[in-house]
Amino acid sequence: MTFRPLHDRVLDRRIVAAAQAAGGIVMPDTVKEKPQEGEIVSAGPGAKAENGMLTPLDLKTGDRVLFSKFGSEVRLDGEDLLIMKESDVLGIIG
């Protein structure tokens, strides 16, 4: 299935970190926080200004990003993904 977010939204895949704490303790799923790092799967065309001009997004498919805890969780083709506004992305990991 092909999915492209509208306007200034992006589709993001979480990047799951290791399930082991720094001290070597294995963390159960109930204690772990969901990761706030992901990869952009798809990006919308951009936001429209009041004058009708399109402002393209700074993000593109494949960018590795850090994001805030906001977003709508969706399941597409058996995969859990997030749809969020570009403004919910905190930065691109170089």
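Visitor: What makes a pair of residues in the chain a contact, and how many of the contacts join residues at least 24 apart?
Guide: Contact means heavy atoms within 4.5 Å. Among contacts in the chain between residues at least 6 apart in sequence, the share that joins residues at least 24 apart is 63%. This is a predicted model, in which local features need pLDDT of at least 70, side-chain atom pairs count only at pLDDT 80 or more, and totals for chains, interfaces and linings use all residues. Residues are numbered from 1 along each chain as its sequence is written, and side-chain values use heavy atoms, with hydrogens and water left out.

Visitor: Why is aspartate 8 called buried?
Guide: Buried means under 20% relative accessible area, exposed means over 50%, and partly exposed lies in between (1.4 Å probe, protein chains only). Aspartate 8 has 17% relative accessibility, so the residue counts as buried. In the chain of 94 residues, 27% count as buried.

Visitor: Why is isoleucine 93 called partly exposed?
Guide: The relative accessible area of isoleucine 93 is 34%, and therefore the residue is partly exposed. Isoleucine 93 is found in the segment after β8 (89-92).

Visitor: Which residues does aspartate 8 touch, not counting those up to four places away in sequence?
Guide: Aspartate 8 touches Gly46, Ala47, Leu57, Met84, Lys85 and Glu86. Aspartate 8 and threonine 55 are 47 residues apart in sequence, while their C-alpha atoms are 8.8 Å apart in space.

Visitor: What makes the pair of aspartate 8 and lysine 85 a polar contact?
Guide: A polar contact is a pair of N or O atoms within 3.5 Å; within protein, one must be able to donate a hydrogen and the other to accept it, and residues adjacent in sequence count only if both atoms are side-chain atoms. The side chains of aspartate 8 and lysine 85 are joined at 3.4 Å, so the pair meets that distance limit.

Visitor: How do you know that strands β1 and β7 pair?
Guide: Strands are DSSP runs of E with at least two residues, numbered from the N terminus, and two strands pair if DSSP finds at least two bridges between them. Since 4 bridges join β1 (residues 9-14) to β7 (residues 79-85), these strands pair, and they run antiparallel. Arginine 9 stands opposite lysine 85 in β7.

Visitor: How many bridges join β6 to β7?
Guide: There are 5 bridges between β6 (residues 72-76) and β7, which also run antiparallel. Valine 74 stands opposite leucine 81 in β7. The hairpin of β6 and β7 has 2 residues between the strands, and aspartate 77 in the turn has a positive phi of about 50 degrees.
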